[in-house]
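Hello,

Here is the structure for your files, with the notes on it below.

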Amino acid sequence: MLSLVYPVFNRAHLFRTTLGALGSQTLPTDEFEIIVVDDGSTDDLLALLATAREAHGLPIRYARIDVDRLPWTVFHHQGANNPAPAINVGIRAALGERVVLTSPEVEPRHVATLERMENWPLEPHQSLVGDVFDPGMAQHPGLQGWLSGGPTGRVLHF
């Protein structure tokens, strides 16, 4: 089984397209799970997840955490949201042999992306590392390569 871990904070508007793309995957829904860890969103995330479950039959598991009540200190930088606590909760909840850490705006555009990740030959303790392609970065050659925090339309490549 493949576990996709999505830390989410007020990104439902970006997650909508990604969930639609996940609904078009060729990997059967009983062979992957989508773990959404919400760390305080105030947008329509729950309604979006309910719609995706109903429309696409997606295997979504949802957890909401309160970072102020976690038993460890959460690092914040200039008010930026820190996804690390949500990622850790998602990893601990994962049922899959393979865990994919991703973001709500990273779309698996090819219908066999999940199938490829599930079947990619790996030895024990090896990792499959993905990167994203953001078409908007073409205007910023100095920033191409390892990308972080792109606004929309990032495509998963590995």
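R16 is partly exposed, at 41% relative accessibility (buried means under 20% relative accessible area, exposed over 50%, partly exposed in between, with a 1.4 Å probe and protein chains only). The model is predicted: local features need pLDDT of at least 70, side-chain atom pairs count only at pLDDT 80 or more, and totals for chains, interfaces and linings use all residues. Residues are numbered from 1 along each chain as its sequence is written, and side-chain values use heavy atoms, leaving out hydrogens and water.

The structure has five salt bridges (a side-chain nitrogen of Lys or Arg within 4 Å of a carboxyl oxygen of Asp or Glu). One of them joins R16 to D44, at 3.4 Å from N to O. R16 sits in helix 1 and D44 in the loop between strand 2 (32–38) and helix 2 (45–56), 28 residues apart; helices (H or I, at least four residues) and strands (E, at least two) are DSSP runs, numbered from the N terminus. D44 is partly exposed, at 40%.

R11 pairs with E105, with the closest N and O atoms 3.0 Å apart. E105 is buried at 3% relative accessibility, while R11 is partly exposed at 25%.

R64 forms a salt bridge with D38, also with the closest N and O atoms 3.0 Å apart. R64 belongs to strand 3 (residues 60–64) and D38 to strand 2, 26 residues apart. D38 is buried, at 2%.

Regards
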